[in-house]
Amino acid sequence: MGGVLSKRSVVDPVTERLAYIWTKRTVAEVEATARFGIYADRLRSLGAPPRFEAEARAASEDEQRHTGICREMARRFGVSELDAQPDDYRVREGDSPEMLFGDVIATCCFSETINVALLSTTLQFASDPGIREATRELLSDEVRHSRLGWAYLAWGREQGLGDSIAGRLPEMLVTVTGPKMFREAPPRADEGSYRALGDAHMSERRALFDSTLNEVILKGLEDHGIATESARDWLTHPSWPEGHGED
């Protein structure tokens, strides 16, 4: 991700936490807008069925709209300036159907599926009308983005794609996790205020991650004949590049 500038008027820990959440979501949506747009180009150039290109372009448009929603929510919690530039997702030399297959699985079957679970939990807990409205709009689109990945997974396996996926699973897990998720999280003062704004405690989010990963993502991969031992080994001894997930 390119530079991110944000100026916050910190009022209290709850406000600071929500400012962080919606800033991170804004950044993620900027990234997703670019990523899905490039996926659409790659799907067309590498000969995937046209429906997948169309769905990827629609997803890019969704994520662009989500960026505005998340930016407004960040502003509500005191982020007065936020400039996010996406990483360079242009097609790399040596791109192939197999490489694209893994990239789409990482984005849709991992990131988007986990997003669906997390946003569903936000909607379950939040009582704030603004949070509920924003979350509901994000969630309805993320469900479709996740389904795109699972449909593409099924199609790709029928074409003989996926031999590289088992080896890429630890890389995918690094992308969707961070050290904080695996540490014991202390109780928070005024937990009810966090939950009313849709922010579950880290222990609850970790439990949700575990169930989504094991019961949906890894099981789904296994059902399509992809070995998941490398993912389970990584979960036993997780590790990340220095500084990853510590902001």
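At 1.5 Å a residue, the 33 residues of helix 1 (residues 13-45) should span 48 Å, and its end C-alpha atoms are 48 Å apart, which agrees; the expected span is 1.5 Å times one less than the number of residues. Helices here are DSSP runs (H or I, at least four residues), numbered from the N terminus. This is a predicted model, in which local features need pLDDT of at least 70 and side-chain atom pairs count only at pLDDT 80 or more, while totals for chains, interfaces and linings use all residues. Residues are numbered from 1 along each chain as its sequence is written, and side-chain values use heavy atoms, with hydrogens and water left out.

At the start of helix 1, a side-chain oxygen of D12 lies within 3.0 Å of the backbone nitrogen of V14. After helix 1 comes G47, with a positive phi near 85 degrees.

Helix 1 packs with helix 4 (residues 129-158) at about 35 degrees, their axes 13 Å apart; axes are lines fitted to C-alpha atoms over the stretch in contact, and angles run from 0 to 180 degrees between N-to-C directions.

The axes of helix 5 (residues 165-176) and helix 8 (residues 229-236) come within 7 Å and cross at roughly 40 degrees. Helix 5 and helix 8 are therefore oblique to each other, a class left after under 35 degrees (roughly parallel), over 145 (roughly antiparallel) and 65 to 115 (roughly perpendicular). A166, L169, P170, L173 and V174 in helix 5 meet S230, A231, W234 and L235 in helix 8.

Terms used. Helix = DSSP H or I, 4+ residues; strand = E, 2+ residues; numbered from the N terminus. Contact = heavy atoms within 4.5 Å. Polar contact = N/O pair within 3.5 Å; in protein donor to acceptor, adjacent residues only side chain to side chain.
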